[in-house]
Amino acid sequence: MSETNEPEILFGIYCPPHPQPLLSPEASEGYSKLRAAYDECRKRIEESEADIILVYSTTWPSIIGHQIQALEKAIWTHVDDDFHYLGSMPYEFHMDTEFAHSMKENCEKRGLEARTVEYEGFPIDTGSVVALQLLNPDNRIPSCILSSNMYSNRSETIVLGKAVRDTLAQQNKKAVVVVVSSLSNRMFTEHIDPKEDRIHSQKDDDWNRKILEFFDDGRLEDLSQLSRDIHGQIRVQKVVAYKPAWWLAATMGQHNNYDGEVLAYEALHGSGGAVITLTPSTGSVGDKEFDEDDVEFYRGDRNVLDKGTLE
Amino acid sequence: MAKGQIVAGCLAPHPPHLVYADNPPQNEAYSEGGWETLRWGYQRLARKLKNIDYDAIVIFTPHWQTYIGTHFLGLPEFKSKSVDPVFPNLFRYNYDLQVDVELSEAMRDAASQEGIITKMMTNPDFRVDYGTITSCHLLNPEWDKPIVTISSNRNTHYYSPEVMIEQATALGRACAKAIEESGKRVVLVASHSLSHRHFVEEAPLPEDMSKEHIYNHSQYVWDMKIVEMMRDGKSREVIDIMPEFTEQTIAETEGGGLIWMLGAMGFPDFPAEIYGYQSVIGTGNVIACWDPNDDTREYVL
Ligand SMILES: [Fe+2]
């Protein structure tokens, strides 16, 4: 991959995984604002010259490396584990199989374990279904979905983003990239009246708003560098790390030159749901220095357990 | 009406590899076998269950993950295809199963009365999770008994392993009460592995047993400690040590299934029957059964 062969990423979208904006937007003012923000993004995608919509979903965990959805026509009816009572989500998504297969190869070239999945009835996760259904309802543009490996951490996630860049550049495709993730992800553990939905705690709300300021300023790389703090402060410890900002920065470009726009920020059963766009621009913002090394190839976890033991 | 009772409690791990290795007609993938230690153990336990008179299987699964309370299957029939999201190459299983809705609702009501947040699942498009399908297939390949699936509320991650112990024990007590009042004879199933660190790469032939081993020795030692306590009838001690076990081995016990089952059975002090232990893609799996009947309890392995 030559340095000059840069991929063209038109803009990025950060959006929440829960199904209320799709299934019950009218249930609260907040949900309908999120829905309106999704609709705005859909319009912008339609008006763009995107060749592919690329989704990284935090609600699709994988174990065997990184899974890449490659079924040409994925057709099923999805039901959410928690919000099944809001209704079913029938879908038909058209995948860019050419992209998916090259993406696998490019992952492998960078040392990642990866595989495509092409099975009728494969359970596409709630977050991907909600995002693709709202952002690209008529399959005007082919898409591709990437899983989030349960065990992967910073290096692997950054290298995954770089493999996306390799693939887009190789295929000369213009992309809209989508991260499906909550900000704070703690939900209420009881059923609530949607009209009374609010962010679970003041602390979660404070942190979410700080993150939104960064997004608004286009400081994507700064957010990427703050991922471990975000994980410790406002993420339920379900996986090893908060990875969306790592992936988004590695995919879009590890800098702070973006025009950010927060289209909506609302509670989704207590979690922080935001619809945000980031468009590459000029002019740099940022007042932080970081010394974490950038990483181009994944060489596996350093095995700490075996080091320093008595021979 | 005679009092209902729990006639057996099974710890039944659900790696889809075991169904894949069996090549049942319901599964689309084809294998050359593999993981016989577990599969033969399952076959022996399935034969034992054939000789027990029971009305329904109640199964607690960590692959129906709910954050807003505990959910119960609430329609009489579910028919669809279950595709494992992690191992779709191995598990694409066409199922057609019956649910004991009456028992499901009774357990849900009893749990609600205990102050547990609950929900009945009545969406006909819902796909039953692969943990339920795998464990039930291996314990009862004929599928001739109705089941009830109970979801795993994510207490361990949301609060702590200790909160999970409190909540899952309370849920177990409530389910036991409902079973007693129902007059039914029920087999309980906790569907999960013990240690649960996977390899993140798969052998080109997944059933190549020359590649299969536990992820690391520490996981093995922990698993053996737990199995030994089960053998010795120390079920309360298994639960007491569980927070540490779960943390040290990333154990699938975090979902609460074993706690729920042993809680429902009143933390039995009789020995568990052990049917086999083996690793699957690095995770540790034991098949065990708690048989409350002194006359039929066996020393299996
Ligand atoms: Fe599992």
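In chain A, 82% of the contacts (heavy atoms within 4.5 Å) between residues at least 6 apart in sequence join residues at least 24 apart. This is a predicted model, in which local features need pLDDT of at least 70 and side-chain atom pairs count only at pLDDT 80 or more, while totals for chains, interfaces and linings use all residues. Residues are numbered from 1 along each chain as its sequence is written, chains are lettered from A in the order in which they are written, and side-chain values use heavy atoms, without hydrogens and water.

**Fold and dimensions of chain A**
- Nine helices and 10 strands form the secondary structure of chain A, where helices (H or I, at least four residues) and strands (E, at least two) are DSSP runs numbered from the N terminus.
- Chain A is as compact as a globular protein of 311 residues, because its radius of gyration of 19 Å is close to the 19 Å of the globule rule; the radius is taken over C-alpha atoms, and the rule is 2.2 Å times the number of residues to the power 0.38.
- Along the principal axes, the C-alpha atoms of chain A fill a box of roughly 55 × 45 × 40 Å.

**Burial in chain A**
- Of the 311 residues in chain A, 59% are buried (under 20% relative accessible area, with exposed over 50% and partly exposed in between; 1.4 Å probe, protein chains only).

**Asp22 of chain B**
- Asp22(B) lies in helix α1 (residues 16–22) of chain B.
- Asp22(B) counts as partly exposed because its relative accessibility is 27%.
- Leaving aside residues up to four places away in sequence, Asp22(B) touches Arg39(B), Gln43(B), His137(B) and Leu138(B).
- The C-alpha atoms of Asp22(B) and Met107(B) are 33 Å apart in space, and the two residues are 85 apart in sequence.
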